[in-house]
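User: Please take me through the salt bridges and one of the sheets in this model, giving the reasoning behind each answer.

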Amino acid sequence: MDRMKGSARLMIVSDLDHTMVDHHDPENLSLLRFNALWEAKYREDSLLVFSTGRSLTLYKELRKEKPMLTPDITIMSVGTEITYGNSMTPDDGWVEILNQKWDKKIVLVEASKHPELTLQPETEQRPHKVSFYIKKDKAAEVTKALSECFVKHGLDVKIIYSGGIDLDILPQGAGKGQALAYLLKTLRAKGKLPKNTLACGDSGNDAELFSIPEVYGVMVSNAQEELLQWHAANAKDNPNIIHATERCAGGIIQAIGHFNLGPNISPRDVTDLSDTNLEKFDPAYEVVKFYLFFERWRRAEAEKSEIYLSNLKAVCGPCGFYVHPSGFEKPLHDCVDALRQCYGDKQGKHYRIWVDQVFSTQVSSDIWIVRFKKWEISGEEQSGCLTTALLSSKDASISQGLTWLQVHQTWLTGASASDQALWFF
C-alpha cells in the first residue's frame with residue numbers, strides 16, 4: 001500500500017469463497033468481469049484487499065485454481081493475519097495486539113472436551129486461530145459452553161460460526177471486522193485513508209466487515225442465511241449496506257455502481273471494444289482491451305474479419321517488435337499476421353486470458369512503459385508471464401488508441417506454458 005503517495009480512490013475489501021470467487025461458475029465469468037474492470041479502471045489509484053477465512057496454504061491453492069488478481073493486502077485466517085504486497089510481508093503490530101489474553105494451548109484442551117467438535121486439517125490451524133467442524137444443531141450449545149469456560153480461564157476470545165459447519169476460535173481482538181478497523185486506523189495515521197471503502201461478503205464471518213462505520217457494504221445475492229439474519233437484526237435500516245441481485249463478483253460490480261464509487265462497466269461487458277468514449281489516453285485500458293480481443297478471437301467470439309487485423313496492425317508500430325518468453329524476437333506486424341492461424345482454435349474449450357497488476361509510467365510526453373502479468377487458462381493449465389510494453393501516443397488519436405512499439409515477456413516462475421508455440425502474445 002506504500003506504492004501510492006496519497007489516499008486510495010477506492011478500497012475494496014472482499015471475502016473470497018462465494019463472494020469474489022463463484023465456485024458454481026466453471027467459466028469464472030463474474031470474477032473475470034471484475035478483473036477486467038479493476039485493472040482497466042482502478043488498479044493504479046485504488047487498493048484491493050482480500051479478506052478470507054482461508055489459511056495461507058488454502059489461499060495459495062485457490063490462486064492456482066482460479067483466475068485471481070494479486071491483492072495489495074491479504075487478510076487471512078478469519079482476520080488473524082494481515083500481509084502486504086507480493087511478498088506478503090506480515091504486520092507485526094497486528095500480531096502483538098492478538099497476543100493479548102490468548103492461549104492456544106488452553107483453547108485446544110477445553111475444545112477437546114466436546115466430542116461434537118472435529119478439528120479441521122492442520123493447515124487451517126494458525127497461531128491465532130483454532131478451527132473445527134460442527135453440525136448446525138450443536139453449534140449454539142457448544143459455543144455457549146466454550147465461551148463460559150474461556151472466561152473462567154481469563155482468556156478474551158471470540159467464537160465465530162459460519163457456513164453452516166465451520167467454528168473458529170480467535171482472540172477477541174481478531175476477526176475480519178477488527179482487521180479492517182486496524183487497517184483503516186493504520187492508513188489514517190499515514191494520511192492515506194481511502195476516499196471510499198466497500199466491504200463485500202456472503203457468510204457469518206463477514207458480518208463484522210459491515211459493522212465498521214463509514215464503510216459501504218454489499219452482501220452478494222447468494223449470501224447465506226446466517227448473514228441475512230444478522231443484517232435483518234442489526235443493519236436493515238442502514239442505506240450503506242445492500243443485498244445485491246447478482247452473484248459473487250457480479251454483486252461487487254453492482255455495488256460499485258449503486259454507491260457511485262466509480263466506473264462500473266467492465267470491458268468484458270462491452271461488445272464492441274472499438275466503441276469507447278475515452279477522454280484521454282489510457283494505457284491500462286489499452287492493455288485490458290487488447291488481451292480481451294485476443295481471447296475472443298481465439299474463442300471465435302469475435303468476427304473473423306480482416307478489418308480487425310488491419311486495425312490491429314494500425315496500432316502496432318511498423319518497426320515494433322515482440323520478444324517471446326522463450327527468447328525469440330518477431331516483428332509485431334508478423335505477430336498480427338499469425339493471428340489468422342489461431343482464429344477459433346479455442347472455440348468451445350476452457351480458455352481465458354486476464355491481466356494482473358497493470359501499472360503504467362509516462363516516461364516522456366508521448367511514451368508510456370506498461371508492466372503487467374499476463375495469464376492464460378487453457379484446459380487445466382494456467383500459464384503466465386511478466387510483460388513490459390512500450391506504448392506511444394505520437395501521431396495517434398484517443399479514439400484510435402496508443403501505438404504499441406515493443407512487447408517483451410518472460411515466464412513467471414513455475415508458470416511457463418507446456419506448448420510454448422501456442423503462446424502468441
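Analyst: A salt bridge here is a side-chain nitrogen of Lys or Arg within 4 Å of a carboxyl oxygen of Asp or Glu. The model is predicted, and with this rule the count of salt bridges comes to 26.

User: Which residues are linked with E295 and R352 in a network of salt bridges?
Analyst: E295 and R352 themselves form a salt bridge, their closest N and O atoms being 2.9 Å apart. That pair links distant parts of the chain, since E295 belongs to helix α9 (residues 283-298) and R352 to strand β15 (residues 351-362), 57 residues apart. The network that holds E295 and R352 also includes E27 and R268.

User: Is E295 buried or exposed, and what is the relative accessible area of R352?
Analyst: Buried means under 20% relative accessible area. E295 has a relative accessible area of 0% and is therefore buried. R352 also falls under that cut-off and so counts as buried, with a relative accessible area of 7%.

User: Which residue forms a salt bridge with D345, and is that residue buried or exposed?
Analyst: D345 forms a salt bridge with R298, the closest N and O atoms being 2.7 Å apart. The pair links distant parts of the chain, with D345 in the loop between α11 (332-342) and β15 and R298 in helix α9, 47 residues apart. D345 is partly exposed at a relative accessible area of 26%, whereas the residue asked for, with a relative accessible area of 0%, is buried: R298.

User: How far apart are the closest N and O atoms of E110 and K113?
Analyst: E110 is buried, with a relative accessible area of 10%, while K113 counts as exposed at 54% relative accessibility. Side chains of opposite charge can pair when their charged atoms come close. In the salt bridge between E110 and K113, the closest N and O atoms are apart by 3.2 Å.

User: Which strands stand at the edges of the open sheet of four strands?
Analyst: The open sheet has the strand order β6-β7-β9-β8, with antiparallel pairing. Each edge strand has a single partner strand, so one side of each is left without a neighbour in the sheet; these strands are β6 (118-119) and β8 (157-162).

User: Which residue in β9 stands opposite F132, and at about what angle does helix α5 run to β8?
Analyst: Strand β7 (residues 130-133) pairs with strand β9 (residues 166-171) in the antiparallel sense over four bridges. The residue in β9 that stands opposite F132 is L167. Helix α5 (residues 136-152) lies across β8 and β9, and its angle to β8 is about 175°.

How values were computed:
Residues numbered from 1 in each chain as written. Predicted model: local features only at pLDDT ≥ 70, side-chain atom pairs only at ≥ 80, totals over all residues. Heavy atoms only, no water. Pairing = 2+ DSSP bridges. Helix = DSSP H or I, 4+ residues; strand = E, 2+ residues; numbered from the N terminus. Contact = heavy atoms within 4.5 Å. Axes fitted to C-alpha atoms, helices over the stretch in contact; angles between N-to-C directions. Buried < 20%, exposed > 50% of the residue type's maximum accessible area, 1.4 Å probe, protein only.
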